[in-house]
Amino acid sequence: MPSAQDTEPFVVKRHGLGTTRTALALGTAVFGLMVALTLAIVVVQAIRGASIREPLEAVWLGWGGTPLIFAVGLPILLMVGAITALEERREEDADDVLLTVDDTGIYLGGEQPRTIPWDEVRGVCRLERQESEETWEPRLVVMLIDEDALPRSTKAWGPSCPWPGTQEILARSLPYDDLVTAIAQRAPHIHVTDRGRVED
């Protein structure tokens, strides 16, 4: 088994529709479908020997010409998205990092990014906080207080962030076991727990 110094950092990045690459892929797929629809209409009408203009007008000029405006604007948006995606590759993608577990400690990304060194960490837990009567939000909490001295309010336990992957559209939530394994490889003395729903 490799030592902690030999292990790669465990990094969880933002995925889903919130990223430029995903939006670019979705836009490209929509544009491809629009081109395929146009070609299909042209080929079918040419085979039938019928007018090509009428069905194209019905498709692209319907609803006040909205489909045509969308079809003309989409390539421009895709070009801008491609340039943005290329720039993102060159720049540091720190904004997309939601969580990092490495030899120095734990990095929590998000609105208030913070790195907590291992010597300050007393535990790590997954819990669900009640946001409203029917809504429970899963969170990752890095506990800075010993287990026997934890206050009633989970907000005072230590820094926290939404559980990685739960707020991105169509993204996969971080598996709990993956976090346990990542922390055990780098800081086996830190306990990781899943506390479920906790009322403050």
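Me: How far apart are the end C-alpha atoms of residues 23–47?
Reply: This is a predicted model, in which local features need pLDDT of at least 70 and side-chain atom pairs pLDDT 80 or more, while totals for chains, interfaces and linings use all residues. Residues are numbered from 1 along each chain as its sequence is written, and side-chain values use heavy atoms, without hydrogens and water. Helices (DSSP H or I, at least four residues) and strands (E, at least two) are numbered from the N terminus. Residues 23–47 are 100% helix and 0% strand, and their end C-alpha atoms are separated by 36 Å.

Me: Which residues does UniProt list as "transmembrane region"?
Reply: UniProt positions follow the numbering used here, with shortened feature names, and annotations may be inferred rather than shown by experiment. The unreviewed UniProt entry gives this label to residues 23–47 and 67–86.

Me: How many salt bridges are there?
Reply: A salt bridge needs a side-chain nitrogen of Lys or Arg within 4 Å of a carboxyl oxygen of Asp or Glu. Side chains of opposite charge can pair when their charged atoms come close. By this rule the count is seven.

Me: Is Glu 128 buried or exposed?
Reply: Buried means under 20% relative accessible area, exposed over 50%, and partly exposed in between (1.4 Å probe, protein chains only). Arg 126, a salt-bridge partner of Glu 128 at 3.5 Å between the closest N and O atoms, is buried at 17%. Glu 128 has a relative accessibility of 17%, so Glu 128 counts as buried.

Me: Which strand holds Arg 197, the salt-bridge partner of Glu 128?
Reply: Glu 128 and Arg 197 meet at 3.6 Å, N to O. The pair links distant parts of the chain, 69 residues apart, with Glu 128 in strand E5 (residues 123–130) and Arg 197 (residues 192–197) in strand E8.

Me: Which residues are linked with Arg 126 in a network of salt bridges?
Reply: Arg 197 belongs to this network, and at 56% relative accessibility Arg 197 counts as exposed.

Me: Over the face of which residue does Arg 126 lie?
Reply: A charge sits over a ring if NZ of Lys or CZ of Arg is within 6 Å of the ring centre and within 35 degrees of the ring normal. Arg 126, at 5.4 Å from the ring centre, lies over the face of Trp 163.
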